[in-house]
Amino acid sequence: MGLPQPKPLERIIVSIDKDLEDIVPVFLNNRKKDVQTLRTALAQHDFETLRTLGHRMRGDGSGYGFDAVSQIGAIMESAAGRRDRATIQQQTQQLEDFLARVQVEYR
């Protein structure tokens, strides 16, 4: 008897204006790079970098149609101000999970 196969990740469908089709992949790729930067900053107790990235995500996410990125950024920015490592780690994982599951549909 083989091991049970993991369920495929449930997709998160986000509908984005077709005018943003050229820049959305760049935005999402940059957020994927941010995940590693966030982990490094957290390991180095670099709360200023964590706060800055959270602030940027909070401001940019919704403008690209990704409210979840803005929400994660807002929580992260606030947590960095409190030096709340557990919340920052949780939000970094939330961001990584969102990026792994998001599927963009252009309208």
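Helices (H or I, at least four residues) and strands (E, at least two) are taken here as DSSP runs, numbered from the N terminus. The model is a predicted one, so local features need pLDDT of at least 70 and side-chain atom pairs count only at pLDDT 80 or more, while totals for chains, interfaces and linings use all residues. Residues are numbered from 1 along each chain as its sequence is written, and side-chain values use heavy atoms, with hydrogens and water left out.

Asp34 is a handy place to start. This residue sits in helix 1 and is buried, its relative accessible area being 8%; buried stands for under 20%, exposed for over 50% and partly exposed for anything in between (1.4 Å probe, protein chains only). Once neighbours within four places in sequence are set aside, Asp34 is in contact (heavy atoms within 4.5 Å) with Leu53 and Met57.

Next comes the core. A nonpolar core is a set of buried Ala, Val, Leu, Ile, Met, Phe, Trp, Tyr and Cys residues joined through side-chain atoms within 4.5 Å. The largest one here runs to 25 residues, and Leu28, Leu50, Phe66, Ile88 and Leu95 have the most contacts inside it. Strand 1 (12-16), strand 2 (102-106) and helices 1, 2, 3 and 4 each put in at least two residues of this core, with helix 1 giving the most, at seven. Phe66 touches Val14, Ile16, Val24, Phe27, Leu28, Gly61, Phe98, Val102 and Val104, residues up to four places away in sequence not being counted.

Then there is the helix packing. Axes are lines fitted to C-alpha atoms, for helices over the stretch in contact, and angles run from 0 to 180 degrees between N-to-C directions. The axes of helix 1 and helix 4 come within 10 Å and cross at roughly 155°. That makes helix 1 and helix 4 roughly antiparallel to each other, a label for angles over 145 degrees. Helix 1 passes helix 4 in a left-handed crossing, meaning that the near helix is turned anticlockwise from the far one by less than a right angle. On the helix 1 side, the residues that meet helix 4 include Leu28, Val35, Leu38 and Leu42, and their partners in helix 4 include Ile88, Thr92, Leu95 and Leu99. By class, this contact of helix 1 with helix 4 has seven nonpolar, three polar and five charged residues; Ala, Val, Leu, Ile, Met, Phe, Trp, Tyr, Cys and Pro count as nonpolar, Asp, Glu, Lys and Arg as charged, and the others, Gly among them, as polar.

Helix 3 and helix 4 pack at about 165°, their axes 9 Å apart, and are likewise roughly antiparallel to each other. Helix 3 also passes helix 4 in a left-handed crossing.

Arg58, in helix 2, is partly exposed at 37% relative accessibility. Arg58 and Ala74 are 16 residues apart in sequence but 5.0 Å apart in space, C-alpha to C-alpha.

Most residues other than glycine have a negative phi. His45, in the loop between helix 1 (24-43) and helix 2 (47-60), has a positive phi near 55° and is partly exposed at 47% relative accessibility. Arg83, in the loop between helix 3 (67-82) and helix 4 (85-101), has a positive phi of about 60° and is exposed, with a relative accessible area of 56%.

Methods
Parallel < 35°, antiparallel > 145°, perpendicular 65-115°, else oblique.
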